[in-house]
Every structure is written in C-alpha cells, then in structure tokens.
Amino acid sequence: MIASCLCYLLLPAARLFRALSDAFFTCRKNAFLAKSSSSQVEGDFAMAPRGPDQEECEGLLQQWQEEGSSQLLSTVSDGPLVDKGLAESSLALLMDNPGEQDAALEDKWSSRQLSDLRAAENLEEPFPEVLGEEAPLSEVEGPMWAAVPMQTGPQYTDCAVLPMGVLATEQWDEDPAVVAWSIAPEPVSQEEAPVWPFAGLGQLQPPPLEIPYHEILWREWEDFSTQPDAQGLEAGDGPQFQFTLMSYNILAQDLMQQSSELYLHCHPDILNWSYRFANLMQEFQHWDPDILCLQEVQEDHYWEQLEPSLRMMGFTCFYKRRTGCKTDGCAVCYKPTRFRLLCASPVEYFRPGLELLNRDNVGLVLLLQPLVPEGLGQVSVAPLCVANTHVLYNPRRGDVKLAQMAILLAEVDKVARLSDGSHCPIVLCGDLNSVPNSPLYNFIRDGELQYHGMPAWKVSGQEDFSHQLYQRRLQAPLWPSSLGITDCCQYATSCHPTSAERRKYSRDFLLRFRFCNIACQRPVGLVLMQGVTDTKPERPAGWAESVIEEDTSEPDVPRHPVGTIQHCLHLTSVYTHFLPQHGRPEVTTMPLGLGTTVDYIFFSAESCEDGNRTDRRLYRDGTLKLLGRLSLLSEEILWAANGLPNPFCSSDHLCLLASFGMEVTAP
C-alpha cells in the first residue's frame with residue numbers, strides 16, 4: 001500500500017521535473033528574444049508560432065491547478081534546483097510553445113538540458129526567477145545578457161543556448177548570421193587594467209587565470225658571490241666590474257604562425273603579439289640586464305616596437321636579420337652607461353656554392369669596453385667580447401651546425417684576440433639547438449671534437465635516428481679549405497708562420513747550403529766537360545762545412561689527428577643543466593610538450609674535472625667570474641603551468657640570466 005502511494009507520488013514528480021527543465025530553457029529563450037530588437041535574431045532563433053492546441057493547453061493547466069497542484073509542488077520543492085515559484089511560472093510558460101511537448105523533440109533536448117542543469121548546480125548559478133502569467137517579462141530578475149557568436153556544428157544546430165561552462169570572456173569575430181546568448185562579462189574598471197608605458201600599445205587585459213602562474217613559475221636567484229672558487233679564493237676579493245647578461249629566444253610571431261600546430265594548447269589571446277610584447281617588455285624591465293642578447297627577433301617588430309622601447313629603457317641595440325627571405329634575426333643590446341662599443345661584427349653562415357653552408361642563420365659579435373666609475377681612480381678593465389647566435393634547428397644536419405659554430409668561433413677568435421696572442425673575456429650565448437653533453441656542446445666546452453665517422457644526427461642529440469637505414473656520416477675534412485677556416489676554428493689569414501719557418505725559406509738561409517760538404521762533392525754520373533764540370537768548388541775561408549742542425553730543426557708543433565676540430569677559447573656553461581633540489585634536469589623550452597635545454601650562456605673559464613668536488617661550480621675562475629644566475633625550471637613545473645607559452649611567460653623559451661664580475665687592475 002505504501003509503495004503504491006510512493007510510486008503514485010514519484011511518477012508525476014519525475015514527469016513534472018522534466019517538464020520544468022524544458023520550460024525553464026524555453027522561458028530563457030523567449031525572455032531573451034523579447035529583449036532583442038534584431039530582426040536577424042528573431043528570424044533565426046525565434047520560437048515556433050503558437051499552435052492550434054493553445055486552448056487545450058490552457059484547459060489542462062487550469063484542471064491541473066484545481067486538482068491539487070499545491071501538493072505536487074510541495075513534493076517537488078524539496079529538490080536542490082527548483083522551487084514553487086519557479087515551477088508555477090515555468091508551467092505557465094509552457095503554453096507559449098506547446099510544440100516542445102512532442103516526444104521526439106523532448107528526447108532530443110533532454111540529455112543536453114540535464115547536463116546544463118548539472119553544470120548550473122556545480123557552478124552554483126542561481127536561476128533567474130520568472131514570474132507567472134500576470135507578471136510582464138520586463139520584471140524578470142537575473143544577470144545581464146548579451147549576444148556573442150558561437151561555434152556552429154552538428155551539436156548546436158537545434159540549440160540557441162550556450163553551455164554554461166563556456167567562458168564568457170572569449171573574444172570572437174562577430175558574425176551577424178550566427179549568434180547565441182551568453183552571460184556578458186563583467187566590465188573591468190580602468191583602475192584595475194594594467195597600463196604599459198610604451199608608445200602605441202594601449203591597455204590590454206590578460207585572460208582570467210585559474211592558476212597562480214607567478215607562484216608556479218617562481219625562479220630563484222642563485223648567488224655565488226660568496227662561494228670560493230677552485231683555488232679557495234672568494235669571488236668577491238678585490239674590486240670588480242659587475243654586470244648582468246640575459247639571453248632570450250623571444251619567439252618570432254611569423255614563425256609561431258607558420259607552426260601553429262605547436263601552440264594548440266595556448267589560449268588565442270596570449271598568442272597575440274600585443275599581449276606578448278607587453279609581457280616581454282615587463283620581463284626586461286623586471287630583470288634590468290646590462291646586456292641583452294635576443295634570438296628570433298622579427299624585423300618589423302624590432303624597428304617599430306622593440307628598438308624604440310629598448311632605447312627608452314637606456315639600451316643601444318644592434319640587429320642582424322637572417323639572410324634570404326627570412327624575417328627574423330638576432331639582436332644584442334647594451335647600456336652605454338656601462339659599456340662603450342669598440343667594434344661590432346655581424347656573422348653570416350650562408351656561403352654561395354657550398355652545400356654545407358646554404359642556410360640563412362646568422363650571429364652577432366660585439367667587443368665592448370667596460371666603463372669604470374670615476375671613483376675608482378686610474379684603473380683599467382679588459383674588453384669584453386659578446387657573441388650571440390641562433391644555430392640551425394634541423395636535427396639531422398649536425399654537419400651544418402658544426403660548420404656554423406666554427407665560423408662563429410673563428411670570428412670570436414679574431415675579435416677577442418689581444419696583441420700578446422691571448423683572448424679577452426668572452427661570453428657566448430644563444431639558441432644552439434643542441435642538448436647538454438651532446439658532441440656539439442662538448443666541443444664548445446672542451447675545445448676538441450673527433451667527428452670523423454660520426455652520424456650527423458648525433459651531433460646535436462635532439463632526436464635519435466639510429467633506427468634509420470641510411471644515416472649521413474661526417475667525413476674529413478668537414479668543410480673545404482676555400483672557406484678560409486682551419487681545423488682550429490681560426491681564420492687562415494690569422495695563422496702567421498713561425499720564425500723558424502720564415503728562416504727556413506728565406507734567401508739567406510738557402511745560401512748557407514752553397515759550400516756545404518754535400519754541395520762540394522762531385523755527383524756520381526756527372527759528364528766530364530772541360531771548363532764546365534771539371535773543376536771542384538773551393539770553400540772560402542771561414543765558411544762552415546755543414547749547416548748547424550739546431551738552426552734547421554723545426555719546433556715541436558702539436559698535431560691533432562685527421563677528423564678533429566679544436567678551439568682555444570676555454571669556455572664553460574653558466575648552468576649545470578640539473579636541478580638537485582628536484583632531482584630533474586633543467587629545461588629551457590618545451591617543443592610538443594617535451595622539456596629540453598637548447599639555450600646556453602658560455603663564458604671564459606677553465607673547466608675543472610675534479611670528481612671529488614661536491615659543489616656546483618665545475619670550473620676555475622679566470623678574469624671573468626660568475627657571481628650569480630637565475631635558476632631554470634623542470635619539465636614538471638612547466639607542465640603545471642600549461643607549458644610554454646603561457647599567460648606569464650610569452651615565449652616558448654625561458655630567459656637565461658647571469659651576473660659576472662671582471663677584475664679591475666691598476667695601469
């Protein structure tokens with residue numbers, strides 16, 4: 001008996017709940033369309049006309065109210081989503097569209113409406129209270145509604161209501177033929193909107209953040225100024241000229257649009273150049289480096305926005321666009337209050353007629369003279385050579401990468417060489433498109449590489465192509481002699497002959513063999529001719545019988561085996577490429593969601609291969625000392641921030657920042 005009563009009560013309640021959900025969405029659409037004055041909206045999304053069964057519906061409604069609607073409503077009102085007023089008003093509005101009571105149409109709408117109701121319950125969004133028949137639509141209370149375009153597809157062909165989970169802040173190109181209704185975003189006050197102090201930028205509101213990116217992407221500054229070096233000396237002993245240098249691949253907009261499939265995980269707003277430019281300039285202002293080395297700098301953006309803005313920040317900038325039809329390049333900027341330019345050398349890796357060097361990558365080498373404050377008196381600081389480059393990406397062409405790096409090292413050797421044959425302090429940075437401990441990386445750090453027979457893909461270590469049947473292998477010599485660069489990565493014109501070689505081939509040296517013992521002996525088989533070959537040469541008095549052996553001996557010159565390249569710049573990396581506190585490798589970029597390191601800052605120092613050392617400084621300080629660096633992040637941390645780019649970091653690379661100190665000596 002009791003079960004029968006419960007079934008009798010629950011069955012009408014379930015039907016009523018389903019009808020109420022249909023009525024609620026019908027009420028929303030009718031109310032919205034009543035507010036709109038657009039004929040297009042009425043033509044596309046107006047509800048069906050009132051049918052001939054309107055009187056029948058009115059009669060059923062009156063009968064239902066007379067038979068005890070109050071009891072059913074009190075039963076249904078215990079649910080979390082409906083109340084008595086909503087039920088009455090929704091049922092009253094059923095008579096506006098009796099066609100929706102058809103069974104087929106009801107099944108078509110039911111699953112979508114229930115999902116929207118669940119979404120509304122999760123979002124705790126209050127339903128707009130709709131009054132009964134007597135109340136006009138103008139008195140409906142609720143949030144303001146606005147028309148926004150929506151994506152059309154098979155799932156939206158019969159629906160004019162946006163899902164409640166859709167972000168109301170997304171901006172789209174308005175199409176008058178396809179519109180839908182959604183909650184209008186709350187206006188942002190002018191006081192809260194960030195204002196960027198750069199010409200032509202205006203105000204730009206970043207998209208709403210669900211994750212505190214500044215906390216996830218927090219990067220610590222690692223201070224080495226008080227740590228002893230390999231000799232146990234403090235890095236801060238004696239006066240120093242200190243400066244900071246940043247290397248940053250800022251992602252050219254043209255390259256990003258050409259490879260848009262790499263950035264599908266990003267919201268379209270954060271890929272907009274205006275937003276990215278503002279973020280980049282804010283990053284430059286925050287870290288305030290003395291020297292700024294940039295890669296993937298789009299030429300029009302450089303001349304129209306970056307260079308004027310950096311000039312306002314106190315930088316003097318040099319730019320080198322890639323050769324050919326490429327639209328991006330490298331830039332080196334420095335503060336003239338800290339440095340004076342001695343020379344600037346743009347480097348092009350393209351060589352006509354050489355298949356090995358037919359790519360358009362470039363580099364830039366500057367020689368800067370540090371400006372010592374007047375308070376230090378008559379002191380001097382050695383010049384500083386700064387090199388910036390972006391090496392070829394292709395993982396299969398390690399031979400091209402090595403040739404490009406050899407050209408850059410030869411230019412650095414020429415610019416940084418002092419009169420006594422030594423080199424001034426050097427900082428080499430950029431996007432080298434090679435992973436740590438790869439052959440190319442080891443060549444820069446160790447100064448030597450045996451490449452003969454090595455697979456070309458192995459040079460950079462970016463990808464493993466060992467499974468492929470055909471593999472390009474490096475052969476000696478790696479580049480032709482017509483390039484004018486030796487295997488020691490020096491220009492051939494700068495390799496002067498030694499004094500012994502000049503003596504050996506001089507006229508005076510050859511004349512010393514004129515009356516030696518071997519010259520005074522008659523050759524065997526010489527035809528005897530009177531007055532010609534019948535005389536014996538007489539050695540003048542005081543003429544040595546033999547050439548002194550020590551004069552003709554050649555000095556011991558170290559020779560490297562065939563298929564080996566070298567350089568003598570003594571470079572090491574600022575970063576160790578490992579995060580001991582996380583037990584993970586460092587990451588500078590995340591192509592396709594895979595974290596890796598391809599950006600570096602190398603500086604002049606002697607490598608220290610002491611296995612007993614436990615600290616992080618695996619080098620021996622020279623004239624240039626590393627005082628600190630900005631820590632990098634792990635792949636897991638960048639995954640938590642939705643990879644790169646993100647609303648906080650507007651490039652697909654992380655910036656590298658280091659602080660250096662140079663010895664100040666008395667004249």
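Predicted model: local features only at pLDDT ≥ 70, side-chain atom pairs only at ≥ 80, totals over all residues.
Local features need pLDDT of at least 70, side-chain atom pairs count only at pLDDT 80 or more, and totals for chains, interfaces and linings use all residues. Residues are numbered from 1 along each chain as its sequence is written, and side-chain values use heavy atoms, without hydrogens and water.

Start with helix 9 (residues 273–287) and helix 10 (residues 299–312). Helices here are DSSP runs of H or I with at least four residues, strands are runs of E with at least two, and both are numbered from the N terminus. The two helix axes come within 11 Å and cross at roughly 30°. Axes are lines fitted to C-alpha atoms, for helices over the stretch in contact, and angles run from 0 to 180 degrees between N-to-C directions. Helix 9 and helix 10 are therefore roughly parallel to each other (angles under 35 degrees).

Now look at the side chains. Trp273, Phe277, Met281 and Phe284 of helix 9 meet residues of helix 10, including His301 and Leu306. Contact means heavy atoms within 4.5 Å.

Six strands form an open sheet with mixed pairing, in the order 8-9-10-11-17-14. Two strands pair if DSSP finds at least two bridges between them. Strand 8 (339–348) and strand 14 (571–573) each have a single partner strand, so one side of each lacks a neighbour in the sheet. From one strand to the next, the twist averages 20°.

Strand 9 (residues 362–370) and strand 10 (residues 384–390) run antiparallel, joined by six bridges. Leu366 has Val386 in strand 10 as its bridge partner. Helix 12 (residues 439–446) packs on the sheet and touches strand 14 and strand 17 (599–604). The direction of helix 12 makes about 125° with that of strand 14.

Methods:
Parallel < 35°, antiparallel > 145°, perpendicular 65-115°, else oblique.
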